[in-house]
Amino acid sequence: MTSKPYRLGESFGHAIDRSRRVNFSFDGKQMPGYAGDTLASAVMANGQRVFGRSFKYHRPRGVVGLGSEEMNALVGVGEGSRHEPNLRATQVELHDGLVAVSQNRWPSLSFDIGSINNTLSRFFPGGFYYKTFMWPQKFWMSVYEPFIRRAAGLGKAPDGCDPDTYEHIHAHCDVLVVGGGVAGLAAAEAAAASGARVIICDENPQFGGWADIADGTIDGVAQSEWAQAKVQRLSEAENVHVLSRTTCVGHWQHNSLILFERVADHDPALLARGTPRHRLWKVRARQVILATGSIERPIAFANNDRPGIMLAGAARAFLTRYGVAPGSSGLVFTNNDDAYQTALALKQAGIQVRVVDSRSHVDSQLPTTARKAGIEIMAGSAIAAVESSFGGLDVTGVKVAPYRKGSGRVITETRIECDFIAMSGGFNPALHIWCHTGGKIRFDEALQSFRPDTHHDRIAAVGAANGTLALGGALNEAYAVGEAAGKAALPKSKAARPKVPKALQEVQQALESLWFSPATGKYNEGNKHFIDFQNDVTAADLELAQREGYESVEHTKRYTTFGMATDQGKTSNLNGLGVLAEATGKTIPQIGITTFRPPYTPFSFGSVAGPMTRQLFLPIRRTPIYEWHKSQAAQFEPIGQWRRAYTYPKPAEEKQASIAREILAVRNSVGLLDASTLGKIEIKGPDAAALLDRVYSNMFSTLKIGRCRYGLMMNELGFLIDDGVTVRLGEDHFLMHTTSGGADRVSAWLEEWLQTEWTDYKVFVTPVTEQWAQFAIAGPKARDVLRRLDPDFELSNEAFPHLSMKEGHLGRYPVRVFRISFSGELSYEVAVPANLGRGLWDEILTAGQDFGITVYGTEALHVLRAEKGYIVIGDETDGTVTPVDVGLDGLVSKKKSDFIGKRSLEQSFLKRTDRKQLVGLLTEDPSEVLPDGAYAVQEVKDKPPMEMIGQVTSSYFSPTLQRSIAMALIQSGRARMGETLSFPLDGKVVKAKIVDQVFYDKEGAQLNG
Amino acid sequence: MLIVHCPVCGAEGDETDFHAAGEAHIRRPATLDPEHISDEQQRDYLFMRRNPKGLHFERWRCDRGCGKWFHAARDTATMEFKAFYLATELPPRELMEQATGEWVTFFKDKLKAAKTK
Amino acid sequence: MKTRYSVFSLARNALNYHKDWERAWRSPAPKAEYDAIIVGAGGHGLATAYYLAKNHKMTNIAVVEKGWLGGGNTGRNTTIIRSNYLQDPSIAIYELARSLYENLSQELNYNVMFSARGVVMLCQTEHELRAFKRTAHANRLAGLDCRMITAAEVKQIVPIINDSPNCRYPILGAYYQPRGGTGRHDAVAWGYARGADSMGVDIIQNCEVTGIRRNGGAVSGIETTRGFIKSKKIAVVTAGHVSTIMQMAGVRMPIESQCLQALVSEPIKPVIDCVVMANTVHGYMSQSDKGELVIGGGTDPYNNYSQRGSFPALEHTVTALVETFPIISRLRMLRMWGGIVDMTGDRSPIIGKTDVEGLFVNCGWGTGGFKAIPGSGFVFADTIANDRPHPIAEPFGMNRFAEGRFIDESVAAAVAH
């Protein structure tokens, strides 16, 4: 590897600050650089060209491009949990202590075992893997694929959690300008002049685009000078927001766009101060102006991927911006005038240079100037071969041959010594964002490329992005479009329009397309004309795909993987189409183009998640008693958004033991449950009863004031979706209880019916779940506890029977007390305004002390209800279960002409008598607890498959009955009462008898006690 | 991302501030005549959808705003909204006329009714 | 018959610079009439054609395709292959498909890269845990090789998973199908196309169906952009566009077309070997042989024929996965795209005959069609050839919607990919 001093003198490199040295390391090697360098420029300045190895053939690769189009120089930056793979060296801004590593090579960059693939490349044409690796079958997973996986994959993932933060910001603007080159700045100025709120963003740290490497003047000053002045003015303007290091990654429907701002990557010190690493801008723009510029095309000549072969514009930029020479003696290979500026710049820097131009006649201004400057121009010729040092690490020379479009074979060759090549095959407007939501494009013969045509959204393209490459044209276009956008956003604005500045620039001669430069010998015989550098796709691969019938460009793409690398075809796409067109005799438009998809350039997942991770990922709801539960070391379980206490183990108490203790306390004395999560919805209005009659399967209009009734809710398919007790508070006023998880769903659902179906109903639906804390006091001693709280509260069976409600005061607490039971015991549910909840809770505990009141959790609750054979929505039901299936036919009204789900219950399959029906199960061995979801089979076989006839829906060991109990949905279960079923488990078969599902207190004596 | 406009409260916002709920103008047979509904009618009500490529009429809810349900006319190919109207209303006449596929049959009598008025 | 693909034919062709490879499939002009026409050259359509030719010796058939073969959801999905469903009919067809995948490469002499890397379905709530336990019991008795695994085992299989007990939805365990995995989606379409073509099936691309001709109760052929093609059997297999195609025959469908998005990261060295599905937070992830993390989630909530999704749906998915796999936070999204999926009322497919004689339909695969391709093609071909539903296809008939006989998999998992 050469180590000539590549850094040029003071007169070159306006972007770097030579007074500020920056130290960094590349592959462990300490290197010096300057503030303003990119990793690419700094490493090259240190005389190193090879940055990485290619994906398939592991060929050594150097820098080709200038920014986000770079496809070769991919590096990993940062260490440990701050490592980030696959960054483009051309975009990594240098900072002190930056640590970078090359990728996809072993053991080292200069010597890589994987490069054996290159020697054998003949055996790996495009799509070869579809044709082999099939024998023996098991080798695919055991040998071939593991090898492929290890070989593939470029960089390494970081280890550990990301220590940095990310944020989102929503922005609305009148005009968003994407791209801060001359055209973008002009458009922004024109738009802003009308008073419109403008956002202008650019991917790079500096604005100006190519201004600093393009010829021509604006109002008499150099383009870059003009650009810098404009940026200054815009950033000072009230109504303009200027964003650098900000990539527009995509355009979505209705002009919503995502901008990706790299806030702190260039200066880690910011992170220490709490700055987010990246910021995601969610922009809604009335008007969008794309000034995204164009991307230079490489040329497909033999071995065009050698380190030292760059795009002409990039070579020029390294020279002028960073004062870095691409080599000591070079060659410019072009089919257009623009590249002559590179030749001139090189010459000016004292670097020896020749121009090889595929066009036979070049006499426009730039070439003439070049000739005058003493640059040799070889017109009508092309590069036929590239010679390189051992291992292809460096260019040593080229063979140039006469070129006439269409004529294939090379006859005579001239050898020229050089150590770098600057190539330019023309320019492609950056159409990506234009196309993200389906903007139309058309092929432009002069550009030999696609350009924007029409778009259904309010979006326009200007300058190079629109195919307008000449400075004058670009400026006129930009000012006109900018002004129009401003006007469209603010029709009434009377603001003065800025005058369009005067542009002066050499007229350039048209390019001639050069999709393929013939090589010594036939190109498919060993010479590699790379189209997609990173994925190692050659012209031969594309041509082979065509011959094999993968004719659609999408087929070719997927078969050869061209355009699928991390640059998403920025430099390869059109060259590929060109090659395909010539191979098939079609035109490029006939070949068609693959779809542009977001993002324009890759952006971090962290920025997409933004702050919504860890604690902020999803909200958690807590009841007013949550802190108390925590203080008692309760185990919690998530139910919907809620955290509910599952059980309250005492120190050194097993989970099962504490659950049993809680259950027995309820059965034998009294228990206390925090039921605050229970859904509560107030339903008020003259038609409240009518609404309830529609949404519940049973009748509610007949419910007496002050009474409670258990109701079943079906969806329109006839399947159970919710249940609960509803209370009539007044003639036109009800309080509906729903499941904890279903509360929000049900209230929204009621609203939907009211607003969209029974629009004439006069009803208000108000979710009040969080307005109330609600506790169940359950057990034989429940009444005594309440008496302790307030001796005056009337609790006698006569005055306050089961399924009734009393409003009043318990001590100083305003309460609603419902005599309802989900445990089968004498039970009162006390509702109190949420803010008083904790107070009452504590007083209940004190009042209950003498009765040994025990707080119980959700698991005890579930066992208690199972002992009584009560269903739980989501356990006994799964969205395919009807009220009839669970044996609640009694709650399906025969009187009501219509309620939700009624008609569906009539459908043949729902009426069948052999449907799965809810039954109780008692295992033969009382200590054997059936697993949840275990299936019963028609007949036990020695091996599967076996015909399944139903499954366990709930299964517990009942401390009350000192045996296991279960509920199950079994085909024609009710007709099988007394039958014994077999449940084949792993290694054993459990037998259980079908019984009634009510295991405890069938006559409900406890309940009414 | 769709920008949605609520015709009830006037709020304009991202699709995430709203709730999309599928095809509009589906009539629930049981509300009209609970006694005589064939299995096929019930199936059509519950499952059969017009699902056109192009102009479509659908239901939305102003989730983060007034909470009201409303209707929207949207092109399912370009994602463009053509109109927002109340949950109790029919689409603007010209849109009923532009409707294609199975919507045509649905709007035919509505348009006739509108004419006779 | 075509030259067999093998390491030998590869070497032989290498010697003369791959000049002699023949076309994988012809591009024939449509004949005037076929014994059967399949509309839609996606995986399901091509597999149907392949099995019609191979199992039922129907070789005078055509597959017509509006665009390029395999260009719909077949080439846009996240390539997950599994069969651990809850309901018997689903188990039957998905397991048939999965078992055919096992040696599909050999069957087609085309490497479809089926890789049984294992599918891990996380349980992140007690309710989800119960649901998967039930599925596990059902699958075991159906003879599937699946099992519940503990949180510790999950961490072993997926070292990068967030196993913090304090995270929003701690991993309680998972349901694991070791013989589930992934395949190379394009290769499945190409392999079936090459196989069908070599048996004489005409695959006609860039041929859009503009009408379905009926005389009375029966179909007689299709109008296309390349003229009228006669046939007494028309099989529509057009996923997202099934409503519009079937309408040409006057048949209304219980389908809504929505956009399902997927995305990939930049390629990185292997970090995850299996497929992980996190249904509670709506996201799933695997890593392709190329090194890209392949990520998917739920559908956009409204009808969409544009193959372009909305950002919020993606944001939701990515956020869920950053929470589940914290290391991806610093990795970057390379490409996102959308496909038009056809969602039925019960989220299960429709396979079978219609009320129109000679008109068959296979659709409604929604978000999970890729895994079913071989099985779907196998039973659909049998259904078409014998003009009656194959036993495995029977439960998926359209009549189920009038009878209330739904096949609801949402019972088991929130997202049924």
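Visitor: What makes up the secondary structure of chain B?
Guide: In this predicted model, chain B has 4 helices and 6 strands. Read from the N terminus, its elements follow the order β-β-β-α-α-β-β-β-α-α. The C-alpha trace of chain B spans about 40 × 30 × 30 Å along its principal axes.

Visitor: What share of chain B is buried, and what does the word require?
Guide: A residue is called buried when its relative accessible area is under 20%. By that cut-off, 52% of the 117 residues in chain B are buried. As for its contacts with a separation of 6 or more, 47% are between residues 24 or more positions apart.

Visitor: How do you know that chain C and chain B are in contact?
Guide: The test is heavy atoms within 4.5 Å. In chain C, 24 residues pass it with 25 residues of chain B. The two chains bury about 2200 Å² between them, 56% of it on carbon and sulfur atoms. On the side of chain C, the residues that lose the most area to chain B are R252(C), Y302(C) and Y305(C), together 31% of what that side buries.

Visitor: Why is the meeting of R252(C) and E102(B) called a salt bridge?
Guide: The rule asks for a side-chain nitrogen of Lys or Arg within 4 Å of a carboxyl oxygen of Asp or Glu. The side chains of R252(C) and E102(B) stand at 2.7 Å, N to O, so the pair qualifies. Across the interface of chain C and chain B the rule finds 1 salt bridge. The count of residue pairs in polar contact there, both at pLDDT 80 or more, is 11.

Visitor: Which elements of chain C give two or more residues to the side that touches chain B?
Guide: They are α8 (242-247), β13 (255-265), β16 (293-303) and α11 (400-403) of chain C. By class, that side of chain C has 11 nonpolar, 10 polar and 3 charged residues.

Visitor: How many residues of chain A and chain C are in contact, and what area is buried between them?
Guide: 122 residues of chain A touch 106 residues of chain C. The buried area is about 10000 Å², with 56% from carbon and sulfur atoms. In chain A, R149(A), R597(A) and F605(A) lose the most area to chain C, together 10% of what that side buries.

Visitor: What makes R134(C) and D878(A) a salt bridge?
Guide: Their side chains meet at 2.7 Å, N to O. The limit is 4 Å, so this pair of Arg and Asp meets the rule. Between chain A and chain C the rule finds 12 salt bridges. There are also 65 residue pairs in polar contact, both at pLDDT 80 or more. Helix α3 (residues 139-151) of chain A gives the largest share of the side of chain A that touches chain C, 7 residues. That side divides into 57 nonpolar, 37 polar and 28 charged residues.

Visitor: How do you know that β32 of chain A pairs with β17 of chain C?
Guide: Pairing needs at least two bridges between the strands. Strand β32 (residues 603-604) of chain A and strand β17 (residues 332-344) of chain C are joined by 2 bridges, so they pair, and they run antiparallel. F603(A) stands opposite M333(C) in β17(C).

Visitor: Why is strand β15 of chain C described as mostly covered?
Guide: Buried means under 20% relative accessible area, and 5 of the 5 residues in β15 (residues 283-287) of chain C are buried, so the description holds. On one side are G283(C), M285(C) and Q287(C), and on the other Y284(C) and S286(C), all buried.

Visitor: Which strands pair with β15(C)?
Guide: Strand β14 (residues 275-278) of chain C pairs with β15(C) in the antiparallel sense over 3 bridges, with V276(C) opposite M285(C). The hairpin of β14(C) and β15(C) has 4 residues between the strands, and H282(C) takes a positive phi near 65°. β15(C) is also joined to β16(C) by 4 bridges, again antiparallel, and M285(C) stands opposite I295(C). In that hairpin, with 5 residues between the strands, G291(C) takes a positive phi near 110°.

Terms used: Residues are numbered from 1 along each chain as its sequence is written. Chains are lettered from A and ligands numbered from 1 in the order in which they are written. This is a predicted model: local features need pLDDT of at least 70, side-chain atom pairs count only at pLDDT 80 or more; totals for chains, interfaces and linings use all residues. Side-chain values use heavy atoms; hydrogens and water are left out. Buried area is the accessible area (1.4 Å probe) that two parts lose on being put together, summed over both. A polar contact is a pair of N or O atoms within 3.5 Å; within protein, one must be able to donate a hydrogen and the other to accept it, and residues adjacent in sequence count only if both atoms are side-chain atoms. Ala, Val, Leu, Ile, Met, Phe, Trp, Tyr, Cys and Pro count as nonpolar, Asp, Glu, Lys and Arg as charged, and the others, Gly among them, as polar. Buried means under 20% relative accessible area, exposed over 50%, partly exposed in between (1.4 Å probe, protein chains only).
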